Amino acid sequence: MNFSQKYARSVMAAAAAAVLVSGGCGRSDGTAEYEAGVKAFEGGNFNEARDKFSKSLEYGPENASAAIMLSRTLVASGDLKAASAAAEKAMELAPGDADAVMTAAQTAFYARNYALARKLFGELASKPGYTPQIRSAALASLAVVDIACISGRDMEYFRESARTGLLLAIRSDPRNAAARYHLALLYRDSYGYAESALDQFELYARLDRKDAARVERTRTKTIPELRETIAKNPQRSAERRDSLLSAKELRNAETARAKGDFKAARKAYERARRADALNFQAVMGLAETSYRASSTKAGATEAFRLCREAWGLRPTSKEALVKAGEYALKAGNAAGAVEAYSRALAAAPNDAATAAALANAFIKNGKRRAAEPVARYARELARAKTGVR
């Protein structure tokens, strides 16, 4: 995170005025020590930085920026107890200041005091008066706390809370590179959504202007590895393809379906699929007519299976994923509905209906706690769409 230097600037301005009045005589007010501390911190000399910031606070006890930087320095050097005390001092000196609160929240996170970290990040995310960028940074930080808690019985709750928090962070500030990066990690490592992860990693690499080493690693290692994984998907290759015959049978299927003859349409879709296993529309049409031809639970089960085949061809197809969720629920397969709607939300993150459908699927699957953050996100999207707050 970046920290504002407004308190440092005010101290420096006061010091300059004092020099003009007094001719430069008198005891230091801590400005020179602060500047030396910043230089040492940026150079990675944390022992010297700690001493300089401590001196700066001794000479200028109202300098909140010195307390903030002292806390950051102590975190970097591993003294979390002292870092927490310095962060508390910063909040006392600058009540409600975003930099002071963010520093205290980050220090609490590093000290694994997740309850305090949540409280402080939550204040920045929810209280009025902070900029969209600050709110976005706080929401992303709350998500990182959730990610740290993804394990055990509440794993799905924390995973969904992290995802929706990152999505809200991106809505608040689409240029938040850290939110993009952590969402990419979450999709790759926890959900296994390679395509959605790739999209976020590519956006991150274009947005981050500060961490050159991470950007370079993302561009030269992470992104190529994901592309290779996606390219190895066996479902997107076929030894024999007769595209012309498949297109002909697809037209026959559409004609039969328009006439309401779903059994004939199903047979034509099946022929189109056999001619070209990569014909997405043939597979989707076969799924629909498999259900419409019988409208039974067995038909819904078959339709869900075929929709899974279709999303294998187009993993980010909202059409295939939402239909899969609908058929899964008709088949009484709540777990399948969760899988489908979860992927659909990754493909269409700003769709309130998809988020609400995922929350409902979690509930039907007996996972009400996991449904909570998704339902909150769905309500937030609905409010934003209507303009109601």
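The model is predicted, so local features need pLDDT of at least 70 and side-chain atom pairs count only at pLDDT 80 or more, while totals for chains, interfaces and linings use all residues. Residues are numbered from 1 along each chain as its sequence is written, and side-chain values use heavy atoms, with hydrogens and water left out.

**Stop 1: helix H12**

Select residues 212–231, which form helix H12. Helices here are DSSP runs (H or I, at least four residues), numbered from the N terminus. Threonine 222 sits in H12. Is threonine 222 buried or exposed? Its relative accessibility is 13%, so threonine 222 counts as buried. Buried means under 20% relative accessible area, exposed means over 50%, and partly exposed lies in between (1.4 Å probe, protein chains only).

Now show the contacts of threonine 222. Beyond its neighbours within four places in sequence, threonine 222 touches Arg188, Phe201 and Arg217. A contact means heavy atoms within 4.5 Å.

Stay in H12 and pick glutamate 225 and lysine 221. They form a salt bridge, with the closest N and O atoms 3.0 Å apart. A salt bridge is a side-chain nitrogen of Lys or Arg within 4 Å of a carboxyl oxygen of Asp or Glu. Glutamate 225 and lysine 221 are 4 residues apart in H12, so about one helical turn separates them. Glutamate 225 is partly exposed at 39%. Lysine 221 is also partly exposed, at 44%.

**Stop 2: a bridge between two loops**

Select aspartate 276 and arginine 241. Their salt bridge has its closest N and O atoms 2.8 Å apart. This pair links distant parts of the chain, 35 residues apart. Aspartate 276 is in the loop between helix H14 (262–275) and helix H15 (280–292). Arginine 241 is in the loop between H12 and helix H13 (243–258). Aspartate 276 is buried, with a relative accessible area of 5%. Arginine 241 is partly exposed, at 46%.

**Stop 3: helices H16 and H17**

Colour H16 (residues 297–313) and H17 (residues 318–330). They pack at an angle of about 155°, with their axes 8 Å apart. Axes are lines fitted to C-alpha atoms, for helices over the stretch in contact, and angles run from 0 to 180 degrees between N-to-C directions. H16 is therefore roughly antiparallel to H17, a label for angles over 145 degrees. The crossing is left-handed: the near helix is turned anticlockwise from the far one by less than a right angle.

Show side chains at the contact. From H16, the residues include Phe304, Cys307 and Trp311; from H17, they include Leu321, Ala324 and Tyr327. By class, this contact has 11 nonpolar, no polar and 3 charged residues. Ala, Val, Leu, Ile, Met, Phe, Trp, Tyr, Cys and Pro count as nonpolar, Asp, Glu, Lys and Arg as charged, and the others, Gly among them, as polar.

**Stop 4: helices H19 and H20**

Move to H19 (residues 352–364) and H20 (residues 368–386). Their axes come within 8 Å and cross at roughly 160°. That makes H19 roughly antiparallel to H20. H19 passes H20 in a left-handed crossing. Among the contact residues are Leu358, Phe362 and Ile363 in H19, and Val374, Tyr377 and Leu381 in H20. The contact divides into 15 nonpolar, no polar and 1 charged.

Finish on arginine 369 and glutamate 372 in H20. Their side chains meet in a salt bridge (3.9 Å, N to O). The two lie 3 residues apart, about one turn of the helix. Arginine 369 is partly exposed at 36%, and glutamate 372 is partly exposed at 37%.

Definitions and conventions: Parallel < 35°, antiparallel > 145°, perpendicular 65-115°, else oblique.
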